[in-house]
Every structure is written in C-alpha cells, then in structure tokens.
Amino acid sequence: MLIPVPHPATPLVGRSEEVARVVGLVREGARLVSIIGIGGLGKTRVAIAASHRAAEEGLDVAYCDVVAVHSAAEVALAVANALDVELPDSLSRRDPVDLVAAAIARRDWGRGTLLVVDNFEHLARTRAGEALPRLVSGAPRIQLLVTSRVALERPEELRVPLAPLACAGDDSPAVELLLARTRHAALAEAWRADWGRSRASPRASMASRSRSSSRRRARTSSRRSACSRSSTSA
Ligand SMILES: Nc1ncnc2c1ncn2[C@@H]1O[C@H](COP(=O)(O)OP(=O)(O)OP(=O)(O)O)[C@@H](O)[C@H]1O
Ligand SMILES: [Mg+2]
C-alpha cells in the first residue's frame, strides 16, 4: 500500500491560487514541482491540499517525509517505503539507489502516481538529495511534488514560491488563521484548566461546573426578568 497523504485536523485557510497552480502543473505532466518558502509558511499544507485534489482527479498519491533522512541510501529506502516498492534481497551489497531505481522502473505505475516529498531543504543541492530524481528517472508516470525552504536548482524543477498569507483587512486569510488559532488556544486553555481541576479533585471540578451552570441559569433568569420589566414598562 502507498503511504497515504495526511489529512490535517484543521481546514486550509486561503491558498486557493497556490493550490490551483500546483494542481495545474501536475495536470500538465510536470515531473518535479517544488513548493518553496520560509519555515512555517504553509508549504506542507499546500502540498497536502494539492495532492488530495490530484487524487480526486485520478492520480494515485503517496507521501514521504524526509525530515530525518540524511544519506542517499536513506532517501532510497524512504521512497521505496512510500511507494511500497519491494526491496531486492541484494540491497545491502550494492548501491541501494540503483537497486531501488531499477525496482521502481520495473513496476507499472498505471494511471500515474504523485509522490509528495516533504521537508527536503537539508537535502536540496546535496549528493544525498540528487538520489531523489535518480530514483524515479526510469518511471515517467511518477511525478514529484517536493516542499523545501530552498529551491532544488534542478533543470526540470517547476517552482511555486509561497509568500506570506495576505493580511490586508479584517477578512484576509492571515487574520482568519490568527483568529482560528486564537479561538483554538483559548478553548484548549479552558479545557486544560478544567482537566487540571478534575484531576486535583473530581468533586471540586463537578462542584465548580455546577456552580457555573447555576450562575448561568441565574444570569439568564435575571436577563429574562429585566426583559419582561422593560417590555412591561414600554
Ligand atoms: N493556509 C493555512 N491554513 C491553515 N493552517 C495553516 C496554513 N498555513 C499554515 N498553517 C499552519 O501553520 C503551521 C505551519 O504550516 P506548514 O507546516 O504547512 O508550514 P511549512 O511551510 O511546511 O513549514 P516547514 O518549513 O517548517 O516545514 C501548521 O500548523 C499549519 O497547519
Ligand atoms: Mg513543512
């Protein structure tokens, strides 16, 4: 089984143009698309969204996080694992990159496969990183979608640079994302406080919950009576 692309727990905010650009390049048959930008800008999120869209359009997709990968051999193993390529028995005796590349080239990639390679920056422009295009060079139906903080500087690379989210105006994506995260942080803080109370003393927590719900009830009923007072006096 191919390693599946993750499904983030929060919705993607903005980035529709960048996702469309990546999907368009993949649709046109680009062999290597790179999403480039500084850390935390949303490269992984854009790659994930674009690959789910490509899957809806009929491509198989696989995901490979190379953050902990440092040598050409490890690149080969990570790619073989993501693409579910069986490793030859002679792997330890010969160059694993060539062996995995040959195994990839032998397989029928059917309707086409998009391999998302995430967090590639430390491998870009290194000998270890050069293994990546070598591994898929014999399989034209495999396309690479790489996220990296720096460009790969390869002749076949088509780059989609990411700029920070637009932040002009209250309804801009950057403000929307900030508000979403702030709401989430506030909810998490309230939950943590309640969890801490219930661990310290389950009774105290229940009592505090029942106190706050009676406070809520009291507030509601006093609001109701204020309302009815004002409507009677009107
Ligand atoms: N457009 C977005 N919508 C929703 N969440 C986002 C968006 N952009 C970034 N995030 C959130 O911000 C954090 C960083 O995003 P992401 O991991 O995609 O950045 P990155 O550019 O891949 O960073 P790195 O270079 O460290 O790998 C994540 O928690 C992600 O969910
Ligand atoms: Mg990332």
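Is Asp84 buried or exposed? In this predicted model, Asp84 is exposed, with 11 other C-beta atoms within 10 Å. A residue counts as buried if 20 or more other C-beta atoms lie within 10 Å of its own, as exposed if 12 or fewer do, and as partly exposed in between, with C-beta atoms placed from the backbone. Asp84 lies in the loop between helix 3 and helix 4, and its phi is near 55°, a positive value in a residue other than glycine.

Residues are numbered from 1 along each chain as its sequence is written, while chains are lettered from A and ligands numbered from 1 in the order in which they are written. As the model is predicted, local features need pLDDT of at least 70 and side-chain atom pairs count only at pLDDT 80 or more, whereas totals for chains, interfaces and linings use all residues.

The protein chain contains seven helices and five strands. Helices (H or I, at least four residues) and strands (E, at least two) are DSSP runs, numbered from the N terminus. Along the sequence, these elements follow the pattern α-β-α-β-α-α-β-α-β-β-α-α. Of the 234 residues in the protein chain, 29% count as buried. Among contacts with a separation of 6 or more, 75% join residues 24 or more positions apart; two residues are in contact if their C-beta atoms, placed from the backbone, lie within 7 Å.

Arg15 sits in the segment before helix 1 (16–27), and is buried, with 20 other C-beta atoms within 10 Å.

Ala, Val, Leu, Ile, Met, Phe, Trp, Tyr, Cys and Pro count as nonpolar, Asp, Glu, Lys and Arg as charged, and the others, Gly among them, as polar.

Helix 3 (residues 72–82) and helix 4 (residues 96–106) pack at about 25°, with their axes 8 Å apart. That angle makes helix 3 roughly parallel to helix 4. Axes are lines fitted to C-alpha atoms, for helices over the stretch in contact, and angles run from 0 to 180 degrees between N-to-C directions. Angles under 35 degrees count as roughly parallel, over 145 as roughly antiparallel, 65 to 115 as roughly perpendicular and the rest as oblique. The crossing of helix 3 and helix 4 is left-handed; a crossing has this hand if the near helix is turned anticlockwise from the far one by less than a right angle, and is right-handed if clockwise. Helix 3 contributes Ala72, Ala73, Ala76, Leu77, Val79 and Ala80 to the contact, and helix 4 contributes Pro96, Val97 and Val100. These comprise nine nonpolar, no polar and no charged residues. Pro96, in helix 4, counts as buried with 23 C-beta neighbours inside 10 Å. Pro96 and Glu74 are 22 residues apart in sequence, with their C-alpha atoms 8.8 Å apart in space.

Helix 4 also packs against helix 5 (residues 127–136), at an angle of about 30° and with the axes 8 Å apart. The two are therefore roughly parallel to each other, and their crossing is right-handed. Val97, Val100, Ala101 and Ile104 of helix 4 meet Ala131, Arg134, Leu135 and Val136 of helix 5, giving seven nonpolar, no polar and one charged residues. Ile104 of helix 4 is buried, with 22 other C-beta atoms within 10 Å. Beyond its neighbours within four places in sequence, Ile104 is in contact with Leu83, Val85, Leu135, Val136, Gly138 and Ala139. The C-alpha atoms of Ile104 and Val136 are separated by 6.8 Å, although the residues are 32 apart along the chain.

Helix 3 and helix 5 pack at about 35°, with their axes 8 Å apart, in a right-handed crossing. Ala72, Val75, Ala76 and Val79 in helix 3 meet Arg127, Ala128, Ala131, Leu132 and Leu135 in helix 5. The residues of this contact divide into eight nonpolar, no polar and one charged.
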